[in-house]
Amino acid sequence: MKGLYFQQSSTDEEITFVFQERENLPVTEDNFVKLQVKACALSQINTKLLAEMKMKKDLFPVGREIAGIVLDGILPLDSEDPGLCEVIRVHEHYLVHKPEKVTWTEAAGSIRDGVRAYTALHYLSHLSPGKSVLIMDGASAFGTIAIQLAHHRGAKVISTACSLEDKQCLERFRPPIARVIDVSNGKVHVAESCLEETGGLGVDIVLDAGVRLYSKDDEPAVKLQLLPHKHDIITLLGVGGHWVTTEEDLQLDPPDSHCLFLKGATLAFLNDEVWNLSNVQQGKYLCILKDVMEKLSTGVFRPHLDEPIPLYEAKVSMEAVQKNQGRKKQVVQF
């Protein structure tokens, strides 16, 4: 029985994905179950986080967002089993029931982004009806779920599009997005557009997809064109607003902090792995997983999925995902 793993070169730059034959699963212990995998979604591997957690190995399992014939869930960060395998062993505390109406690919393809969106909008920014939300890169797999969840909570949503195709995708949302800001040509000022849309008050919640930290001369051309500067985010944030960032190396200068202080604003870092890093959070984590599945079952949101791929194409697909190529969520179907 084969599983997909990744190995990192000594330079810590190049990642290689390989199929490896696995030994037979050990005898199931208390609170562990065997799960026949029916679908597994692919997401980027945060090698930097693994190194900081001292979890680097010669071979690291690939695929953690899984759906099986009985249960589904996200494998913990320290799981020894790859989700891209026919049968795995997993602790029951990382599993929730899949509703009957939800397909295997929908369950696997939405669980991680659903947890991220729920964490950002409910736990980090306390979203409530009537709030205005800026969701950067709304046509991404994560952005589409965040937009649908924000609409469900009665929020006014503004989003950015990185291409004409993304803009057309966002304009098809129902209920409609209040404003779609096309940043593909690098000429539109995100802060001005948001302030105009909110009557100069600023938005209540910002969920970024990365920001520029430095001057124009120090940033890559692609990042310069598609991402706002951190000063733009601070400018468009309203009084008492919440900025949820995915920029793990965010640096704020004293004037930036002072501006946030004057607005009474908060800054939070979105790290969806935090739920698996402490057993204290286990109850909340399972509640989130269950709620994500329920909302998926009732049609509150639908994942932005690509066509399912067979297991033998998983290696090539994972290489593309790791390079952040493609917009839709990739799901391997068994």
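Strand β10 (residues 156–161) runs parallel to strand β11 (residues 179–182), and four bridges join the two. Strands pair here if DSSP finds at least two bridges between them. Helices (H or I, at least four residues) and strands (E, at least two) are DSSP runs, numbered from the N terminus. Ala 161 has Asp 182 in β11 as its bridge partner. Together with helix α4 (residues 164–171), β10 and β11 make a right-handed β-α-β unit. Right-handed means that, with the strands pointing away from the viewer, the path from the first strand over the helix to the second runs clockwise.

The model is a predicted one, in which local features need pLDDT of at least 70 and side-chain atom pairs count only at pLDDT 80 or more, while totals for chains, interfaces and linings use all residues. Residues are numbered from 1 along each chain as its sequence is written, and side-chain values use heavy atoms, with hydrogens and water left out.

Helix α10 (residues 314–322) has Ala 314, Ser 317, Met 318, Val 321 and Gln 322 buried. Buried means under 20% relative accessible area, exposed over 50%, and partly exposed in between (1.4 Å probe, protein chains only). Seen down the axis of α10, these buried residues fall within an arc of 135°, so they line one face of the helix. The arc is that of the directions from the helix axis to the C-beta atoms. Just after α10, Asn 324 takes a positive phi of about 65°.

Two further buried residues are set out below with a C-alpha separation for each.

| Residue | Element | Relative accessible area | C-alpha separation |
|---|---|---|---|
| Pro 61 | β4 (residues 60–61) | 9% | 9.8 Å to Gln 20, 41 residues apart along the chain |
| Asp 232 | α7 (residues 230–236) | 17% | 5.4 Å to Ala 191, 41 residues apart along the chain |

There are three cavities of 30 Å³ or more. A cavity is a set of points, on a 1 Å grid over the protein atoms alone, where a 1.4 Å probe fits but cannot get out; lining residues have an atom within 4 Å of a point. The largest cavity has a volume of about 210 Å³. Its lining comprises 19 residues, and Gln 44, Ile 45, Asn 46, Arg 64 and Arg 112 lie nearest its centre. The elements β3 (32–42), α1 (47–52) and β4 each give two or more residues to this lining. By class, the lining has 11 nonpolar, four polar and four charged residues.

Notes
1 Å grid on protein atoms, 1.4 Å probe; cavity = no way out; pocket = protein on both sides within 12 Å on 5 of 7 lines; lining within 4 Å. Points joined across faces, edges and corners; volume = space filled by probe spheres on them. Nonpolar A, V, L, I, M, F, W, Y, C, P; charged D, E, K, R; others polar.
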